[in-house]
Amino acid sequence: MLQNEKVLTGNESGSLFLLSPDLSQKTKLASPTFRNIRHIDFGIDSNKVFIFSDDFGVYAFDLEKEKICEDSLFEGHLDIITSVDCLTQKATILTASLDGTIRMWDAKSGDSQVLFENKEVDVWALKYSEALDKVVIGDENGDLSILDYR
């Protein structure tokens, strides 16, 4: 992930790294705290990132303090998170999980609600469409669906 001339990366062992823009220098920010980091996204505050890993949680990580923010674990999924979309203008995070749910999270409080639930098919991709104010989802069968955001 590249923002404000910072490159942030995670790996399968759960470590988080900050890279120089030319990728020549790597600084370890977090020791293995997470299980297989799948996605990193900047939130409302560019000094914080949201981390999604195989331990089913969403974490806020403070880049300046180089640690997980207190009370930052957003819990609710019961299986691996497969897809994420951070809507910074709306202070909202959308996640899809192998537990059959798509959740909408308040990025400030961590509160969530289930937008969609289907135990029959796994959702592997989701993306919010600002133009439609809807969420486009892709499932394991290769089908695309449009989900009402509200």
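In the predicted model, Asp148 has a relative accessible area of 48% and is therefore classed as partly exposed. The side chain of Asp148 takes part in a salt bridge with Lys134, in which the closest N and O atoms are 2.8 Å apart. Lys134 belongs to strand E14 (residues 134-139) and Asp148 to strand E15 (residues 144-148), so this contact ties together parts of the chain separated by 14 residues in sequence. Lys134 is likewise assigned to the partly exposed class, its relative accessible area being 27%.

The pair formed by Lys134 and Asp148 belongs to a set of four salt bridges found in a search of the whole structure. Another member of the set joins Lys127 to Asp85, with a separation of 3.4 Å between the closest N and O atoms. Here the partners are located in strand E13 (residues 123-129), which holds Lys127, and strand E9 (residues 81-87), which holds Asp85; the pair therefore ties together parts that lie 42 residues apart in sequence. Asp85 has a relative accessibility of 6% and counts as buried, because the class covers values under 20%. A further salt bridge is formed between Lys119 and Glu117, whose closest N and O atoms are 3.3 Å apart. Lys119 is exposed, with a relative accessible area of 54%, a value that falls in this class because the cut-off is over 50%.

Among the elements of secondary structure, strands E5, E6, E7 and E8 make up an open sheet of four strands, arranged in the order E5-E6-E7-E8 and paired in antiparallel fashion. Strand E8 is joined to strand E7 (residues 58-62) by two bridges, and the two strands run antiparallel. Within this pairing, Phe61 is placed opposite Ile68 of E8.

The analysis of open spaces gave a largest pocket containing about 200 Å³ of space. This pocket is lined by 15 residues, of which Lys48, Phe50, Ala60, Ala107 and Lys108 are the closest to its centre. By residue class, the lining of the largest pocket comprises six nonpolar, four polar and five charged residues. Of the residues closest to the centre, Lys48 and Lys108 count as charged, whereas Phe50, Ala60 and Ala107 count as nonpolar.

Notes:
Residues are numbered from 1 along each chain as its sequence is written. This is a predicted model: local features need pLDDT of at least 70, side-chain atom pairs count only at pLDDT 80 or more; totals for chains, interfaces and linings use all residues. Side-chain values use heavy atoms; hydrogens and water are left out. Two strands pair if DSSP finds at least two bridges between them. Buried means under 20% relative accessible area, exposed over 50%, partly exposed in between (1.4 Å probe, protein chains only). On a 1 Å grid over the protein atoms alone, a cavity is a set of points where a 1.4 Å probe fits but cannot get out, and a pocket is an open set with protein on both sides within 12 Å along at least five of seven lines; lining residues have an atom within 4 Å of a point. Grid points are joined across faces, edges and corners, and a volume is the space filled by probe spheres set on the points.
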